[in-house]
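Welcome! Please take a look at the structure below, and then let us walk through a few of its parts together.

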Amino acid sequence: MERRLGETPVIDERSAYASWGVGPDYDDLLHMSLMELKQEGRYRVFQEHRRVVGEFPRSVAMTAEGERTVTVWCSNDYLGMGQHPGVRAAMRDAVDRYGAGAGGTRNISGNHSPIVELERELAALHGKEAALVFGCGYLANLSTLAALGRLLPKCILVSDQLNHASMIQGISASRAEKRVFQHNDVLHLEEILRSIPRNRCKVVAFESVYSMDGDIAPIREIVELCERYGALTYLDEVHAVGMYGPTGAGVAERDGLAGRIDLVQGTLAKAFGVVGGYVAGSAVMIDAIRSHANGFIFTSALPPAVAMGALESVRHLRSSDVERAKMHDNVRKLRARLLKERIPFLDSPSHIVPVMVGDAARCKAVCDLLFERHSIYVQPINYPTVPYGSERLRITASPVHTDAMIDDLAAGLADVWRDLQLPFSRRAG
């Protein structure tokens, strides 16, 4: 049929779609990816539970049969500071004084007083000139390493093989040249540093406590290599701040090395019990990161109440060693009980106790049976958090776990191990 000039064409939608072809079934494609996770036993199920003030590590879990009280053994609130009365009081007071939100990014809304105080306290904690607070530790790592790689001319970022995903993504986002050294291998690190011209910028990024195996970096040897070859040290103390050192500044403080670290990164969400991340270093470095890091510039600031809660927690743990001492004592007790029951675990030098299962489906089964039979809550850890074949439970003992709770956990694990016919360790306490 002819169409006159100016007439709107009539489109047969069915024939048009047929000629274009049907687009992908996006839900179906995503469903297939989820099914793959389920078939491998890696599909993650998040248990709903309600932390109750004053009851930690007890929590009220919601199940199909109703509510039940469980003991939590996988929290990163390492010292129970999320329940501390001083932290809670500081947050309540801040809400009443300042309101709920921060008003947006700091580039638009400016600084509220609590976050300025918090940054001063964090700088003092690490003996640095300045600190900068981010929305979370992941963002602090990603943003800072990406900024350093862009700002330092011809920079090479040298990364430990087992660095956290946030550090890996930050290095990738920088688009700078990168080198990876074998985990905690100072000989390999020196080989890499020796191959780089001394006049080239280089940053060595590593962690103090590696959270899945619980091992600790040879910080002194790494620092000495960086000083010898003119490299900047970037130390992630996320799983150590609050937990180690006379004032809780981390493993570097414990080992008398804090002053030799150029940039330290930490979190407010683990031992300090709130949320947020930060970096601390020289005034020039922190100002450069503040001025160039996209993850700082384009994200909202921590609310005043969160900043005040974190500030109170940092101040408390700088002056109190009670929580740290009790936590480390409980870790020793837990390891002794697991050894007695011949439960296989990595005997690491840190507070983290990885109980090894080695299969994703069995790891999930262990957690399910612990929950159902013994009212013990722990989450399975599998790929991509850890390599295939090294699936595990990541157990953390806090200062408020009792001896009876430790005994219950060890006995519960032994019961489940026998039922699932998992191999016991050959060593016994």
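Predicted model: local features only at pLDDT ≥ 70, side-chain atom pairs only at ≥ 80, totals over all residues.

## Two helices side by side

Let us start with helix H6 (residues 137-151) and helix H7 (residues 165-174), which pack with their axes 7 Å apart at an angle of about 30°. Angles under 35 degrees count as roughly parallel, so H6 and H7 are roughly parallel to each other. The crossing of H6 past H7 is right-handed.

Which residues make the contact? From H6 come Tyr138, Asn141, Leu142, Leu145, Ala146, Gly149 and Arg150, while H7 brings Ala165, Ser166, Met167, Gln169, Gly170, Ile171, Ala173 and Ser174. Sorted by type, the residues of this contact of H6 with H7 are 8 nonpolar, 6 polar and 1 charged.

Next comes helix H13 (residues 304-319), with 16 residues. From first C-alpha to last, H13 reaches 23 Å, close to the 22 Å expected at 1.5 Å a residue.

H13 is mostly covered, with 12 of its 16 residues buried. Among them are Pro304, Met308, Leu311, Val314 and Leu317. What do the buried residues of H13 pack against? Their partners are helix H3 (85-98), helix H5 (113-126) and helix H14 (322-341).

## A residue in a loop

Finally, find Gln83 in the loop between strand E3 (66-72) and H3. Is Gln83 buried or exposed? Buried means under 20% relative accessible area, and Gln83 has 12% relative accessibility, so Gln83 counts as buried.

Leaving aside residues up to four places away in sequence, Gln83 touches Arg51, Val52, Val53, Gly54, Glu55, Phe56, Asp77 and Arg88.

Definitions and conventions. Residues numbered from 1 in each chain as written. Heavy atoms only, no water. Axes fitted to C-alpha atoms, helices over the stretch in contact; angles between N-to-C directions. Helix = DSSP H or I, 4+ residues; strand = E, 2+ residues; numbered from the N terminus. Parallel < 35°, antiparallel > 145°, perpendicular 65-115°, else oblique. Left-handed = near helix turned anticlockwise from the far one by under 90°. Contact = heavy atoms within 4.5 Å. Nonpolar A, V, L, I, M, F, W, Y, C, P; charged D, E, K, R; others polar. Expected span 1.5 Å × (residues − 1). Buried < 20%, exposed > 50% of the residue type's maximum accessible area, 1.4 Å probe, protein only.
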